[in-house]
Amino acid sequence: MMMSDVATDRTAHSLKKRESVSSLSNHEFRRRELHVRVKDRMSTVSYMDEPSQRDGASRLTVQMENTYQLGPTKHFPVVIVNHILKDVLTNYLQEEQYEPELCRQMTKTISEVIKARVKNLMIPRYKLIVIVHIGQLNNQSILIGSRCLWNPKSDTFSSYVFRNSSLFALANVYAVYFE
């Protein structure tokens, strides 16, 4: 890499940080845009409320070689994951009262804990999606729906609902087989 290329890359990086790319040539901008698009296809944690946490260094990429395996050798253990969901929700929310800000942070924490505990089961080739809803229990009803496009032979989910005197929590773990 020549010295001018290094300078151009540094300039492009600083301009991209400030969201200004007007001084880049069209070819350089498209090359960088393509590189970013490829990186965005990797599995990452969503930090919707904290955009400063999403830097390139925090992403881990895992390259898997083709095995030409069309189905899982070990199926997703729904019953064990149900016990994990029950245990985590009960431990974190048993004595809690509903407070919007606290519950907002608790959904993030609980979903990360659930994901870590399910990943510790070492189930190969499954992508995990963990969604936690926490709401106030105040004599009302709520319907929560989800839709997925998947293979019913290999993909599955696990769900658990927790209630105490002031709040309810719903935790879903979707396991999608990665062919």
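Predicted model: local features only at pLDDT ≥ 70, side-chain atom pairs only at ≥ 80, totals over all residues.
Let me begin with isoleucine 134, which is buried, with a relative accessible area of 16%; here buried means under 20% relative accessible area, exposed over 50% and partly exposed in between, with a 1.4 Å probe and protein chains only. Residues are numbered from 1 along each chain as its sequence is written, and side-chain values use heavy atoms, with hydrogens and water left out.

Isoleucine 134 has its place in strand S1, and, leaving aside residues up to four places away in sequence, it touches Leu93, Tyr98, Cys103, Met106, Thr107, Ile110, Leu167, Phe168 and Ala169, where contact means heavy atoms within 4.5 Å. Its C-alpha atom is separated by 9.6 Å from that of arginine 163, 29 residues apart along the chain.

Buried residues make up 25% of the 179 residues, and of the contacts with a separation of 6 or more, 69% are between residues 24 or more positions apart.

Now to the sheet, which is open, with its three strands in the order S1-S3-S2 and antiparallel pairing; two strands pair if DSSP finds at least two bridges between them. Strand S1 (126–136) and strand S2 (156–163) each have a single partner strand and stand at the edges, so one side of each is left without a neighbour in the sheet. Neighbouring strands are turned by 10° against each other on average, direction ignored; axes are lines fitted to C-alpha atoms, for helices over the stretch in contact, and angles run from 0 to 180 degrees between N-to-C directions.

S2 and strand S3 (residues 167–177) run antiparallel and are joined by eight bridges, with a hairpin of three residues linking the two. Serine 159 has asparagine 172 as its bridge partner in S3, and serine 158 has valine 173.

What packs on this sheet? Helix H3 (residues 78–93) does so, touching S1, S2 and S3, and its direction makes about 30° with that of S2. Helix H4 (residues 100–119), in turn, lies across S1 and S3, at about 150° to S1.

Looking at H3 itself, Val81, Ile84, Leu85, Val88, Leu89 and Leu93 are buried. They cover an arc of only 120° around the axis, taken from the directions from the helix axis to the C-beta atoms, which puts them on the same side of H3. An α-helix has 3.6 residues a turn, so residues three or four places apart point the same way. Val79, His83 and Asn91, on the other side of H3, are exposed, whereas the cover over the buried residues of H3 includes H4, S1, S2 and S3.

Finally, the axes of H3 and H4 come within 10 Å and cross at roughly 145°. Residues meeting across this pair include Val81, Ile84 and Leu85 in H3, and Met106, Thr109 and Ile110 in H4, so that is where I would like to end, with Met106 and Ile110 also among the residues that isoleucine 134 touches.

Terms used
Helix = DSSP H or I, 4+ residues; strand = E, 2+ residues; numbered from the N terminus.
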